[in-house]
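Open the model in your viewer and keep the selection tool ready. This tour goes stop by stop: select, look, move on.

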Amino acid sequence: MRPAAILATGALALLPGLLSLPANAWDRQVKQSETLARNNCARCHAVGRAGASPLRAAPPFRELHTRYPVEDLGEALAEGIRTGHPGMPEFRFDPDQAEALIAYLKSLER
């Protein structure tokens with residue numbers, strides 16, 4: 001086998017591992033933000049892929065993307081959500097938490 005072929009074979013062997021790194025990081029972010037959603041939002045919202053919201057006025061997280069683009073929520077999550085359904089408490093997340101929560105909401109669209 002020629003050296004170039006050996007290098008190409010080695011590079012191809014590494015490719016699946018390299019491609020999975022971002023997915024693993026995204027999966028980790030989604031899992032962490034699922035916990036964030038359960039701890040802060042599940043009292044009113046259905047935060048998983050199934051089930052009804054405990055508070056009827058609170059839309060299930062898996063349906064939010066049908067109402068508006070969830071990626072546009074970053075600023076509102078970081079500055080504090082003051083509106084929503086009646087009686088919704090104000091929530092403010094740090095920018096990393098807001099980004100993670102958006103990743104979780106995007107994961108529910110699938």
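Select P95. This residue is exposed, at 61% relative accessibility; exposed means over 50% relative accessible area, buried under 20%, and partly exposed in between, using a 1.4 Å probe and protein chains only. The model is a predicted one: local features need pLDDT of at least 70, side-chain atom pairs count only at pLDDT 80 or more, and totals for chains, interfaces and linings use all residues. Residues are numbered from 1 along each chain as its sequence is written, and side-chain values use heavy atoms, with hydrogens and water left out.

P95 sits in helix α4, residues 95-107. Helices here are DSSP runs of H or I with at least four residues, strands are runs of E with at least two, and both are numbered from the N terminus.

**Along α4**

Select the whole helix. How far apart are the end C-alpha atoms of α4? They are 18 Å apart, which agrees with the 18 Å that 13 residues should span at 1.5 Å a residue. The expected span is 1.5 Å times one less than the number of residues.

Go to D94. It caps the N-terminal end of α4, with a side-chain oxygen 3.0 Å from the backbone nitrogen of D96. A polar contact is a pair of N or O atoms within 3.5 Å; within protein, one must be able to donate a hydrogen and the other to accept it, and residues adjacent in sequence count only if both atoms are side-chain atoms.

Next, pick out the buried residues of α4, among them A98, L101, I102 and L105. S107 is another stop in α4. It is buried, at 6% relative accessible area. Leaving aside neighbours within four places in sequence, S107 is in contact (heavy atoms within 4.5 Å) with W26, V30 and R49.

**Into the core**

Select F61, L77, F93 and L101. Of the 20 residues in the largest nonpolar core, these four touch the most other members. Such a core is a set of buried Ala, Val, Leu, Ile, Met, Phe, Trp, Tyr and Cys residues joined through side-chain atoms within 4.5 Å. The largest share of this core, six residues, comes from α4.

Stay on F93. Beyond four places in sequence, F93 touches L36, N40, L77, A78, A98 and L101. Then move to S33, in helix α1. S33 is buried, with a relative accessible area of 1%. Its contacts beyond four places in sequence are A100, L101 and Y104.

**Charged pairs**

Side chains of opposite charge can pair when their charged atoms come close. The structure holds four salt bridges, each a side-chain nitrogen of Lys or Arg within 4 Å of a carboxyl oxygen of Asp or Glu. Select R38 and E34: their side chains meet at 3.0 Å, N to O. K31 joins E34 and R38 in a network of salt bridges.

Now try K106 and E71, which meet at 2.9 Å, N to O. K106 lies in α4 and E71 in the loop between α2 and α3, so the pair ties together parts 35 residues apart in sequence. K106 also forms a salt bridge with E109, at 3.4 Å.

**Last stop: the cysteines**

A disulfide is a pair of cysteine sulfur atoms within 2.5 Å, and the whole structure has zero.
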